[in-house]
Amino acid sequence: MKKVLLVDDEVDILEFLKYNLEQEGFEVLVSSNGKDALTKISQDPDLIVLDIMMPEMDGFELYKNIKSEKDYQDIPIIFLTAKSGETDEIKGLDLGASDYIQKPISPKKLVARIKSNLRKSNSPGKKNKQSEQLKIGPLEIDVEKFLVKIENKDKFFPRKEFQLLYFLASNPGKVMKRETLLQEIWGSDVYVIDRTIDVHIRKVREKLGKHSEIIETIKGVGYRFKHNE
């Protein structure tokens, strides 16, 4: 049974979503504010659905608090918000969120997105396939430990940025279309906006620092990991 933590300051929404998720076989934890949610994290949820607009501590601040703890860095987090427009969506994806859903949303749609994100983060096949260390250029990538070393120095990458870097580095010299990257990293049943790849590539490059040029933009097509043998 997968455990989901719902965080929203609207109690009616919490109860409504909790009921529907329990009907689908999930164990559900609920919290109506950020401070309480931080205490619930110790119960090790498999995924968190997090509202952005909350008093005292908003969703973005709570996200940063959660991800600052090493034990919780790999938990998929879906932002849930009533705010429309691109700004918050870009900010959420920029932080490394797994998904972003605008209210109002049907329970069936939310369940589908939760299941999709859980499959992406817990797929045994993918873990077995990637159970190795990749050394290429200045990078060392350990998939099992979710670690990246740049010139032997540890550098933290949020899950999606890590997966994106690993996928590109695993295919050096190959031009990867944006559609291919979206399919491989987010999956076909998760909706993300067109700028999602650009946002994550920019963040990956920032972390690569002086090696940022190792990821090359192929205008109008996609991206390529440059590597000279």
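**View 1. Helix α7 and its buried residues.** Look along α7 and you'll find R159, K160, E161, F162, Q163, L164, L165, Y166, F167, L168 and A169 buried (under 20% relative accessible area with a 1.4 Å probe, protein chains only). So α7 is mostly covered, with 11 of its 11 residues buried. Helices here are DSSP runs of H or I with at least four residues, strands are E runs of at least two, and both are numbered from the N terminus. This is a predicted model, where local features need pLDDT of at least 70, side-chain atom pairs need 80 or more, and totals for chains, interfaces and linings use all residues. Residues count from 1 along each chain, and side-chain values use heavy atoms, leaving out hydrogens and water.

**View 2. Where α7 meets α9.** Helix α7 (residues 159–169) packs against helix α9 (residues 196–208) at about 80 degrees, with axes 10 Å apart; the axes are lines fitted to C-alpha atoms over the stretch in contact, and angles run from 0 to 180 degrees between N-to-C directions. That makes the two helices roughly perpendicular (65 to 115 degrees). On the α7 side, K160, E161, L164, L165 and L168 make the contact (heavy atoms within 4.5 Å).

**View 3. The largest nonpolar core.** Such a core is a set of buried Ala, Val, Leu, Ile, Met, Phe, Trp, Tyr and Cys residues joined through side-chain atoms within 4.5 Å. Among its 29 residues, L165, L168, L208, I215 and F225 touch the most other members. The largest share, 7 residues, comes from α7.

**View 4. Around L168.** Leaving aside residues up to four places away in sequence, L168 touches M176, L181, I201, I215, Y223 and F225.

Technical notes: Parallel < 35°, antiparallel > 145°, perpendicular 65-115°, else oblique. Buried < 20%, exposed > 50% of the residue type's maximum accessible area, 1.4 Å probe, protein only.
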